[in-house]
Amino acid sequence: AQNQQFVEVAERLGELKPFIDYFYEDMMNKYGTAPRFYEHCGISRQVYAQMQRDNYDPRIETVYKVIIGLHMNLLDASILLENAGYSFTFKSTTQLVIIFCIINQIFNPLDVDELLTDLGEPVLFATE
């Protein structure tokens with residue numbers, strides 16, 4: 001069983017694709033429309049439009065929003081981060097909060113922002 005898990009992880013890591021291609025199908029399955037997705041995740045329409053470009057270079061905060069918005073598990077989140085040019089380093093409080101939320105299945109944007117605020121970090125989802 002453990003060998004099979006290793007094979008599955010290796011196959012998943014080989015699936016690196018352009019940023020939006022990685023989660024487009026999951027996004028549509030979960031939200032039905034792009035506007036429902038990006039509004040729920042606190043992503044502007046302009047940023048969503050940029051995500052569709054081949055050369056899009058996402059900000060890490062945008063990647064976190066996608067991870068939380070799509071209720072990703074730690075493996076999928078790690079692959080998406082890697083695909084966007086980032087990785088979990090466990091060196092930042094914000095990353096530790098995101099990891100905590102993933103592991104504990106905390107995907108409500110308000111709850112994530114509350115945890116970030118409690119630890120003195122900037123919020124991801126609330127708008128000024």
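The side chain of Gln 95 reaches the backbone nitrogen of Phe 90 at 3.5 Å, a polar contact (a pair of N or O atoms within 3.5 Å; within protein, one must be able to donate a hydrogen and the other to accept it, and residues adjacent in sequence count only if both atoms are side-chain atoms). Gln 95 lies in helix H7; helices here are DSSP runs (H or I, at least four residues), numbered from the N terminus. With 6% relative accessibility, Gln 95 is buried, where buried means under 20% relative accessible area, exposed over 50%, and partly exposed in between (1.4 Å probe, protein chains only). Not counting residues up to four places away in sequence, Gln 95 touches Ile 60, Tyr 64, Ser 87, Phe 88, Thr 89 and Phe 90, contact being heavy atoms within 4.5 Å.

This is a predicted model, in which local features need pLDDT of at least 70 and side-chain atom pairs count only at pLDDT 80 or more, while totals for chains, interfaces and linings use all residues. Residues are numbered from 1 along each chain as its sequence is written, and side-chain values use heavy atoms, with hydrogens and water left out.

Phe 90 itself belongs to the loop between helix H6 (74–83) and helix H7 (93–103). In contrast to the buried Gln 95, Phe 90 is exposed, at a relative accessible area of 53%. Its phi is near 60°, a positive value in a residue other than glycine. Most residues other than glycine have a negative phi. A positive phi also occurs at Gln 105, near 55°, in the loop between H7 and helix H8 (109–118). Gln 105 is exposed, with 64% relative accessibility.

At the start of H6, a side-chain oxygen of Asn 73 reaches to within 3.1 Å of the backbone nitrogen of Leu 75. The buried residues of this helix are Asp 76, Ala 77, Ile 79, Leu 80, Leu 81 and Asn 83. Just after H6, Gly 85 adopts a positive phi of about 95°.

Leaving aside neighbours within four places in sequence, Val 66 contacts Phe 19, Phe 23, Phe 37, Ile 43, Met 51 and Leu 80.

What is the count of disulfides (pairs of cysteine sulfur atoms within 2.5 Å)? The count is 0. Cys 41 is buried at 1% relative accessible area, and Cys 101 is buried at 0%.

The structure holds 1 salt bridge, defined as a side-chain nitrogen of Lys or Arg within 4 Å of a carboxyl oxygen of Asp or Glu. Arg 59 pairs with Glu 61, their closest N and O atoms being 3.3 Å apart. Arg 59 is exposed at 54% relative accessibility, whereas Glu 61 is partly exposed at 30%.

The mean pLDDT (the predictor's confidence in each residue, from 0 to 100) is 88, and 87% of residues reach 70 or more. Confidence is highest in H7, at a mean of 97, and lowest in helix H1 (residues 2–13), at 67. Where pLDDT is low, the predicted coordinates should not be read in detail.

Definitions and conventions:
Helix = DSSP H or I, 4+ residues; strand = E, 2+ residues; numbered from the N terminus. Disulfide = S-S within 2.5 Å.
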